[in-house]
Amino acid sequence: MTTTEGNSVKFESRITFYVVLCWILAAFGGLMFGYDIGISGGVTGMDGFLIKFFPNVYKRKLRAKEDNYCKYDDQYLQLFTSSLYLAALISSFPASKVCTKFGRKPTILVASVFFLLGSGLSAGAHQMWMLILGRISLGCGVGFGNEAVPLFLSEIAPVEYRGAVNILFQLFITIGILIANLVNYGTSKVHPWGWRLSLGLAAIPATGLFIGSLIIPETPTSLVERNHEEKGRKTLKKIRGVDNVDPEFEQIKVACEIARRVKHPYRSLMKLSSMPPLIIGIMMQVFQQFTGINAIMFYAPILFQTVGFKNDASLLSAIITGLVNVFCTVVSIYAVDKVGRRLLLLQACVQMFVSQTAIGGILLAKLNATNSLPKGQAWVVVVLVCVYVSSFAWSWGPLGWLIPSETFPLETRTAGFAFAVSSNMLFTFVIAQSFLSMMCHMRAGIFLFFAGWIVIMGIFVLFLLPETKGVPIDEMKERVWKKHPIWKKFMGDDADDRAKKTIEMS
Ligand code: BGC
C-alpha cells in the first residue's frame, strides 16, 4: 500500500535484519573515513614518528622556548595529513563514473581495496615516499567510498527513513574519529613504533568494509539504470521485506528512464536548471569545512598541547571532544526529519559563533608565544571546544552530506554528488595543509577568522537554502526549487520535465 502524508510519500516496507545489516556494513565506509581523519593528529604528535620522518620538527618541539603557536608549522608535516584529501578530491570523479557504469557495490569494493593497501603501506613505511603513497591510496579509498556509500544508503533506505539512514554515514565517521583518538591514546605509550600500530589498525575497518562489500546487494536504482530490471525488482523485494513493491519500483523505473536519456550527465549539470542543487551541494560542503571543524579534528591534540596540556592530557581531551561528536550526531538522527534542516543549521551557526569567539578571546588575552594557560582556563577552552563540536555534530556535519545527496535528480545524481564530494575534499585539503601555518601567523585570530565565516554561512542558509524535510527526492524540483523566491528563476518547463510527463502518461 502507498500512502501520502503531508509532503511525503510512503511505500510498503518492513525493516528487516538484512537491510539493517546492509546499512551497517556500508556505513563502515564512514568509519574508515573517520579513522583517517582522527588518526593523523595524534600520529604527528608522536616522537617516534617525528624522529623518523620529520627530525626538524622534533628538534623544534624539544626547544622549550619555541613559539607556542608555531612549533608544528611545517609544510611537509601538513602534507602528511593533507595528501590524503588531495587524492580523494581527484579520485572522486573516476569514482562517480565507476558508480554509474558498474554500480555502487563494486565502487565500495574498490574503496576497501584502496583502504587495505593504504593501511599496509603507511604502517610499514620506511621512507617518506612509502608514507605518502600510503596516504594517497587511503585518499583514493575515501574518494571512492564517500562517493558510493552515501548514495547507497540513500537508495536502499525506505523513503520515510532516508534522512536518518543517511546520517548513519556521519555517525560512523564520528565513531571512526573517536576510535582513532582512543587508539592514539594507547599507542602513544608504545615507543618508538606506536605510530605504526595507529596507522596499521586501519586495516581492521578496511577488512570490515571489504567483507561488507561482498555481502551487500546492488541498489535497485543502479540495477534498473543499468538494464537489470528483474534483478532490480527482486532486490527491492528482498530489502523491503514485502512482496508488493510495484508502486516504488515504477517510480524507480521512471527516474531511470529519464536518467538513461541523459547521455552526458556532466553537461546537463551545467544547465541553468541544475544550478540550484549544484550551488547548494557545493556550498554546503565548502561551508562545512569553513566552520573550522577539521582544525579541531586533525589537530586537537596539538591544539590542546598549545594551550598547555601535556601529551597525555591533550590526547585525553581529544577523546572527550570525540565522544561529544558521536553523541550529538545521534541528536540529529532524531531531529532532522522533525525540526528540519534549516533550523538545525541556523541554531548551530549561533552556537558555533559564540564558542569560537570565546576561544579566540581567551587565547588572545591569555596565551602568548611562550607561556601556557593556567589549568582552569585550559579546561574552559576544552569545554568551549565541546560546545562548538556539539553544534557541528547535529548540523553541518551530517547535513553537509545529506543535503547534496537528496537534492539532485537521478540523471545528474552521481555527477552532482561528485562535485559535492570533491569540494569537501578540496577544502579539507586546504584546511589540513594550512591550519598549522595559519595558527603560526594568525595566532588566536584563527578562531575569529572561522567565526567570521560562520556569519556568512548563517546568511546563506537564511536566504538561499530551501527546506527539504519530507520532500521526496523526485519532487524536489516542483515542490522546492520552483517555489523558492530566488531559485525559481533558474527553473523552466524544460526538456526533462516534458520527458518525465510523457513517460508518466504512457
Ligand atoms: C566532515 C569531516 C569532519 C567530520 C567531523 C564530516 O562530516 O566531512 O571533514 O572531520 O564530519 O565529524
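Phe463 sits in helix 21. This is a predicted model, and that applies to everything I say about it. Is Phe463 buried or exposed? Its relative accessibility is 52%, so Phe463 counts as exposed, the cut-off for that word being over 50%.

Phe463 also belongs to a nonpolar patch on the surface, together with Val350, Phe353, Val354, Val455, Ile459 and Leu462. The accessible area of these residues together is about 640 Å². Two helices, helix 17 (341-366) and helix 21 (445-464), each give the patch at least two residues. Helix 21 has the largest share, with four residues.

Next, the ligand. There are 13 residues around the ligand, and those that come nearest are Gln170, Gln288, Asn294, Asn325 and Trp401. In the side chain of Trp401, an N or O atom is 3.0 Å from an oxygen atom of the ligand. Gly397 takes part through its backbone, where an N or O atom lies 3.4 Å from a ligand oxygen. For Asn424 the atom is a polar one in the side chain, again 3.4 Å from an oxygen atom of the ligand. How much of the ligand does the protein bury? Taken alone, the ligand exposes 310 Å², and the protein buries 100% of that.

Now the cysteines. The structure holds one disulfide. Its partners are Cys70 and Cys440, with sulfur atoms 2.0 Å apart. The torsion about their S-S bond is about 95 degrees, so this disulfide is right-handed. Which parts of the chain does the pair tie together? Cys70 is in the loop between helix 3 (55-62) and helix 4 (75-101), while Cys440 is in helix 20 (residues 410-442), so the linked parts are 370 residues apart in sequence. Cys70 is buried, at a relative accessible area of 12%, and Cys440 is buried with a value of 12%.

Cys256 is buried, with a relative accessible area of 0%. Cys386 has its closest cysteine sulfur in Cys328, at 9.0 Å, which is also too far for a bond. Cys386 counts as buried at 13% relative accessibility.

Staying with helix 20, Gly416 lies there and is buried, with a relative accessible area of 1%. Its C-alpha atom is separated by 14 Å from that of Leu272, a residue 144 positions away along the chain.

Last topic, salt bridges. The count comes to 13. One of them joins the side chains of Arg413 and Glu155, at 3.8 Å from N to O. Arg413 is in helix 20 and Glu155 in helix 6 (residues 128-156), so this pair ties together parts 258 residues apart in sequence. Arg413 is buried at 8%, and Glu155 counts as buried at 10%.

Another salt bridge is between Glu229 and Lys253, also 3.8 Å from N to O. Glu229 belongs to helix 11 (residues 229-240) and Lys253 to helix 12 (residues 246-261), so here the parts are 24 residues apart in sequence. Glu229 is partly exposed, at 35%, and Lys253 counts as partly exposed at 25%.

A further pair is Glu248 and Arg240, at 2.9 Å from N to O. Both of these residues are buried. Finally, salt bridges that share partners join Arg104, Glu155 and Arg413 into one network.

Technical notes:
Residues are numbered from 1 along each chain as its sequence is written. This is a predicted model: local features need pLDDT of at least 70, side-chain atom pairs count only at pLDDT 80 or more; totals for chains, interfaces and linings use all residues. Side-chain values use heavy atoms; hydrogens and water are left out. Patches are made of residues with over 30% relative accessible area and no salt bridge: like charges are joined within 9 Å, nonpolar side chains (Val, Leu, Ile, Met, Phe, Trp, Tyr) within 5 Å. Accessible areas come from the Shrake-Rupley method with a 1.4 Å probe; for residues, only the protein chains shown count as cover. A salt bridge is a side-chain nitrogen of Lys or Arg within 4 Å of a carboxyl oxygen of Asp or Glu. Buried means under 20% relative accessible area, exposed over 50%, partly exposed in between (1.4 Å probe, protein chains only). A residue is near a molecule or strand if one of its heavy atoms lies within 4 Å of it. A polar contact is a pair of N or O atoms within 3.5 Å; within protein, one must be able to donate a hydrogen and the other to accept it, and residues adjacent in sequence count only if both atoms are side-chain atoms. A disulfide is a pair of cysteine sulfur atoms within 2.5 Å.
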